[in-house]
Amino acid sequence: MPDRFQVTKTDEDTVLDYLQDESASGKLLGDTLEEVQDIRDVHNAEENQKSTIDPNLYLYDDDLETRPHISTFISSIANYENTIPAATDPDAKPPSARMGTLIGVFLPCIQNIFGVILFIRLTWVVGTAGAVCGFLIVLTCCCVTMLTAISMSAIATNGVVPAGGSYFMISRSLGPEFGGAVGMLFYTGTTLAAAMYIVGAVEIVLTYMAPWLSIFGDFTKDVDAMYNNFRVYGTMLLCVMGLIVFLGVKFVNKFATVALACVIFSIIAVYVGIFDNINGNDKLYMCVLGKRLLKDIPIANCTKEDPMVLDLYCPNHKCDDYFQNNNLTHVKGIKGLASGVFYDNIMPSFLEKGQFISYGRNSVDIENVGGESYNQIMADITTSFTLLIGIFFPSVTGIMAGSNRSGDLADAQKSIPIGTICAILTTSTVYLTSVLFFAGTVDNLLLRDKFGQSIGGKLVVANIAWPNQWVILVGSFLSTLGAGLQSLTGAPRLLQAIAKDEIIPFLAPFAKSSSRGEPVRALFLTILICQCGILLGNVDLLAPLLSMFFLMCYGFVNLACAVQTLLRTPNWRPRFKFYHWSLSLIGLTLCISVMIMTSWYFALIAMGMAVIIYKYIEYRGAEKEWGDGIRGMALTAARYSLQRLEEGPPHTKNWRPQILVLSKLNDNLIPKYRKIFSFATQLKAGKGLTICVSVIKGDHTKIANKAVDAKITLRKYMTDEKVKGFCDVLVAQEIGEGLSSVIQTIGLGGMKPNTVIIGWPYSWRQEGRNSWKTFIQTVRTVTACHMALIVPKGINFYPESNHKIGGNIDIWWIVHDGGLLMLLPFLLKQHRTWRNCKLRIFTVAQIEDNSIQMKKDLKTFLYHLRIEADVEVVEMNNSDISAYTYERTLMMEQRNQMLRALGLNKKENFKVVQTIVDHHYDAIKTASKVRFADPTIEETENHDSHNEEKRNSIDSDGAESIEAPEITSNKDESTEKADGNLKTNVKPDEFNVRRMHTAIKLNEVIVEKSQDAQLVIMNLPGPPKEVRAERESNYMEFLEVLTEGLEKVLMVRGGGREVITIYS
């Protein structure tokens, strides 16, 4: 323990007597009895209000009235709950433990990504595009989702993301306009996805499982009949599924597990079947006329002499020319990997609508010259590389399933990136290998037979699988139903969430829920839109349409990540580090390119819808004003932006320090502290608003030229230190009033500074009350304007902007000030100067606090803030006030009274004060660490060396007293008399003793822990409420004691609002 805390028993008894003496009134020399009584009344009132304050934190008593202690603040936010409604069963019991990465993210993403397209269209895509182009189609779609997942992971780990998928990510990143547009696109895409799943499920049943259910005749001969069946049965299935969603969410959630199991088992069955049929099988044979594929002909009848064939191709004994010139052959459908059929499936076979499916590209084989198709299979749509991308793309969507469940995850910031990316890697691997396996196993004609008409209406994938086709048929049907139910469950809740945000007024009725908490109104609208999609009746039309909406959503996710990264907003601190703005831009470019290439008219529909919603949200209720020419448009845009900024305070996520630097000028009108500009540059890292202002005392009409010269000098300093911003110089009769005017009026509209940087008044002891009065008045003005305040102490020791330093930045978090103490070191670390420093956060535990739990809660809070720092909770015992505290407080009070009585000038003030302080420190055998001189004033150097010699001589001689410097005989006598009062038994003010006790105890702990830190950041205690010279002087003394022994200190006081958040 340092010597200053070692007290003798006599001293302890004296202090104890003092503390027990209820009549201790804090009387100062020369105070009248009335003044003493007023002070006693004030202190008694304060005692009643502040009796519960920890004695070790008494210096922050005014702050603790309005700002919580850290232990209280952290415990209140360490455990939070999401409030966004999710699709949960109201009767279900809450889960005992939250889900991990596998159950909560990976498997739901797998279930949502694997869909109906895998089972009923992938083989057709491979056969039509060929192995190479098919591989590129799948790879392109997978690249879009992977790049989007990387951007989504960055956004999802940038705080807590409630359920809502891309809507909440975009709306909280790019604003309500983009968020509303993307939310509606995402809702529309999810609703149309439900329609696609329903039509796909009906197609599986009618085409492959029960074709006898057709109510419009033989749909294999009439395409319109097939689509009409899909419309009727799709509508019936939609009604059943809508009723299930309306009545029982419990069933939907349980059925999701069954559907997931079906998907996984079906895929495993396909892979096993591929290797089981490595040499092919004899289950499927096709009948081929020349090179054209035929349908509805049993293999036993596949000869030219068969009566059924002759009746078909030779009506009235006149045969078709192509039939006469070619033979009928049997072709094995499943040839196996060992057959080498892969080489036949390498090249693409794109066709136009109405062309025959045949081997090769010979026009004789593919063109329908005679006009009669007979039973030859024809292309039902015109195919191309880009169209197949649009048809296949819905099979890679579903990557938002993990982020939608973030409220149910134990660690969302860890699970969402890992689970989503692993799910995409898994599904991409399955898709890409399936392309190669299908191309190497199945004959080209069978791959291109979309509905399996050449093999009797069988599903190709099902006939590859092991042990039989019903595994795939049942599995694909159930998994498709499950995906449809999930879409019908999620879409209404997304619409309800958008409506509750009140950004689209006409959606307000859909914000209401039923008595069971279900979005019934939103469900009915979803069913109506889904019915419109079902009326299209064709998966190949629905897939490209909903691809547009998902591509728009994914494009905006990439845009949001790129914008946030390039803007480098303070709140952009993703825990997921493997992202880059260039990857996001590539993802955005891919999304737009795929949209245009796939279907330009569908792309225009989706973009038009997004633009209409965006403009509606942006301009609802606002008058539009057109500018006159380019400059007029620029001025209008600037004025509009300023007015928008002034509509209200920025959201916590958008808060960044807009700095006002108050620079003090010396007699030559040169800024005193050059490094205060360097510090501003390091804090801003080139972003945001910075305004540097100096105030000159005088009459503006007489010294206007000096103000101009000072402004030029100020601008030069800003340029040299690379401060991007503006500067100005104000001339005022009083410096304090000038600073107050600057703080209140600087800025324009919403572009007003919110943070003030002011230098520490090193010469406050020399210059007397004027110096500290200006400083404290500025602190009060900044507080009254609800602005943050930063006071760098030891500014000359701060690093240059072109230097790199390493070590620790220590944050001493005593009271919660809106999180500014957390944000400032993060911003500093964005600059190259401080980038290599590590953060250490210290907080003080009160007597009743659980230090272990407090440390755990603080670590949890920092984890959600995405700030990496070491945490330490310091326990300060409620020890008795030491004799050193008692004597130092007494010295401080009597020095104030003595100086007021002496009325010395500035230079003499300093000599007397420093002599008394040195004498007092010598008396208790402790050298003073307090130097009151301004480090920029050279004239004090000789004085310092003189005092140092004096102290050395005193220490060596062991003298008990010292003579004050010789000034005048009268003043010398007064000084000796005042010095002698230090030895009298006058009791200091009790509240000053307590504050001094806080300052000394905290300083002792801070010096012990952070003496070697590169920077110490701590809360700046609030200034005294009473405007009295003694209280203000004591406040400055407390700050000196609190920071003595520390080289670089940053004292921070928040503006009364939250500036940092755990949410995205």
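Me: What kind of model is it, and how is it numbered?

Reply: This is a predicted model, in which local features need pLDDT of at least 70 and side-chain atom pairs count only at pLDDT 80 or more, while totals for chains, interfaces and linings use all residues. Residues are numbered from 1 along each chain as its sequence is written, and side-chain values use heavy atoms, with hydrogens and water left out.

Me: How many helices and strands does the protein have?

Reply: The protein has 38 helices and 13 strands, where helices (H or I, at least four residues) and strands (E, at least two) are DSSP runs numbered from the N terminus.

Me: And what share of the residues is buried?

Reply: Of the 1064 residues, 57% count as buried, meaning under 20% relative accessible area, with exposed being over 50% and partly exposed in between (1.4 Å probe, protein chains only).

Me: Helices next. At what angle do α10 and α21 pack?

Reply: Helix α10 (residues 223-247) packs with helix α21 (residues 520-536) at about 165°, and their axes are 9 Å apart; axes are lines fitted to C-alpha atoms, for helices over the stretch in contact, and angles run from 0 to 180 degrees between N-to-C directions. That makes α10 roughly antiparallel to α21, given that angles under 35 degrees count as roughly parallel, over 145 as roughly antiparallel, 65 to 115 as roughly perpendicular and the rest as oblique.

Me: Which residues in α10 meet α21?

Reply: Among them are Phe230, Leu238 and Phe246 of α10, and on the α21 side the contact includes Leu523, Ile527 and Leu535, contact being heavy atoms within 4.5 Å. By class, the contact of α10 with α21 has 11 nonpolar, four polar and one charged residues; here Ala, Val, Leu, Ile, Met, Phe, Trp, Tyr, Cys and Pro count as nonpolar, Asp, Glu, Lys and Arg as charged, and the others, Gly among them, as polar.

Me: How does α9 cross α21?

Reply: The axes of helix α9 (residues 176-209) and α21 come within 8 Å and cross at roughly 55°, which makes α9 oblique to α21. The contact includes Tyr187, Leu192 and Ile198 of α9, together with Leu525, Ile529 and Cys530 of α21. By class, the contact of α9 with α21 has 11 nonpolar, three polar and no charged residues.

Me: Switching to cysteines, how many disulfides are there?

Reply: A search of the whole structure finds two disulfides, each defined as a pair of cysteine sulfur atoms within 2.5 Å. With the bonded cysteines numbered in sequence order, the pairing is 1-2, 3-4.

Me: What is the geometry of the link between Cys287 and Cys302?

Reply: The sulfur atoms of Cys287 and Cys302 are 1.9 Å apart, and with 85° about the S-S bond the link is right-handed. Cys287 lies in strand β1 (residues 285-289) and Cys302 in the loop between β2 (292-293) and α12 (307-313), so the pair ties together parts that are 15 residues apart in sequence. Both Cys287 and Cys302 are buried.

Me: And Cys314 with Cys319, how far apart are their sulfur atoms?

Reply: The sulfur atoms of Cys314 and Cys319 are 1.8 Å apart, and the torsion about their S-S bond is about 110°, so this disulfide is right-handed. Cys314 counts as buried at 11% relative accessibility, whereas Cys319 counts as partly exposed at 22% relative accessibility.
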